[in-house]
2 protein chains.
Amino acid sequence: MAKKITPTETERCIESMIAVFQKYAGREITNSRNTLSKTEFLAFMNTELASFTQNQDPGVLDRMMKKLDLNSDGQLDFQEFLNLIGGLAQACHASFTAASQPVKKM
Amino acid sequence: MAKKITPTETERCIESMIAVFQKYAGREITNSRNTLSKTEFLAFMNTELASFTQNQDPGVLDRMMKKLDLNSDGQLDFQEFLNLIGGLAQACHASFTAASQPVKKM
């Protein structure tokens with residue numbers, strides 16, 4: 001029998017990013033399955049990152065979409081999606097690092 | 001009692017990337033806990049991405065480290081680490097997309 005190989009945490013994470021992107025990019029049948037339309041992007045944000053979006057001004061997601069859409073085609077491709085995930089991970093990591101620094105005495 | 005909130009797949013993935021980076025960055029006590037030294041990078045690659053590294057020429061990891069180390073300080077910070085994960089995800093996604101394209105008839 002073939003040995004079952006358990007993926008590592010990093011491999012699972014890479015698989016997850018691809019699966020999540022495919023899931024939301026494939027929602028609208030009128031839109032390419034390889035990109036997120038504005039509607040698909042909003043569905044992704046409001047479902048997968050609801051804890052981030054729920055306290056935001058409604059214009060924030062519009063501005064995020066515009067900023068992420070580097071080639072201004074009104075769609076987010078996988079690289080543009082990765083930039084979003086990377087930006088959020090970077091922000092979380094910075095906040096985590098700052099919180100774990102010892103407090104300087106006055 | 002406080003309601004337990006289950007993280008979404010995307011949130012879990014962001015947490016994983018930070019946890020994995022911290023785990024390997026904190027290995028050597030003589031090196032900063034916020035960056036991966038060459039030794040820590042090799043430990044990460046040979047453990048977390050062993051299925052990728054096992055068939056590679058030994059020089060590949062050296063070249064990868066040099067290419068990822070954008071500011072050439074001999075260390076990988078979290079952003080440089082994210083570029084690696086993003087690059088691998090992009091390569092997997094491209095291969096997945098190509099494999100799911102219908103084969104053109106001659």
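No salt bridges are counted between chain A and chain B. The model is a predicted one, and in it 13 residue pairs across the two chains are in polar contact, with both partners at pLDDT 80 or more. The area buried between chain A and chain B is about 2,700 Å², and carbon and sulfur atoms give 65% of that area.

**Composition of the interface**

- On the side of chain A that touches chain B, the elements giving two or more residues are α1 (9–25), α2 (38–48) and α5 (78–99) of chain A.
- The largest share of that side comes from α5(A), which supplies twelve residues.
- By residue class, the side of chain A that touches chain B comprises 15 nonpolar, 13 polar and three charged residues.
- Contact between the chains involves 31 residues of chain A and 31 residues of chain B.

**Annotated region**

- An unreviewed UniProt entry lists residues 56–91 of chain A as "domain: EF-hand".
- In the model, residues 56–91 of chain A are 69% helix and 0% strand, and the end C-alpha atoms of this span lie 16 Å apart.

How values were computed
Residues numbered from 1 in each chain as written. Chains lettered and ligands numbered in written order. Predicted model: local features only at pLDDT ≥ 70, side-chain atom pairs only at ≥ 80, totals over all residues. Heavy atoms only, no water. Contact = heavy atoms within 4.5 Å. Buried area = accessible area lost by both parts, 1.4 Å probe. Salt bridge = Lys/Arg side-chain N within 4 Å of Asp/Glu carboxyl O. Polar contact = N/O pair within 3.5 Å; in protein donor to acceptor, adjacent residues only side chain to side chain. Helix = DSSP H or I, 4+ residues; strand = E, 2+ residues; numbered from the N terminus. Nonpolar A, V, L, I, M, F, W, Y, C, P; charged D, E, K, R; others polar. UniProt positions renumbered as here; feature names shortened; annotations may be inferred.
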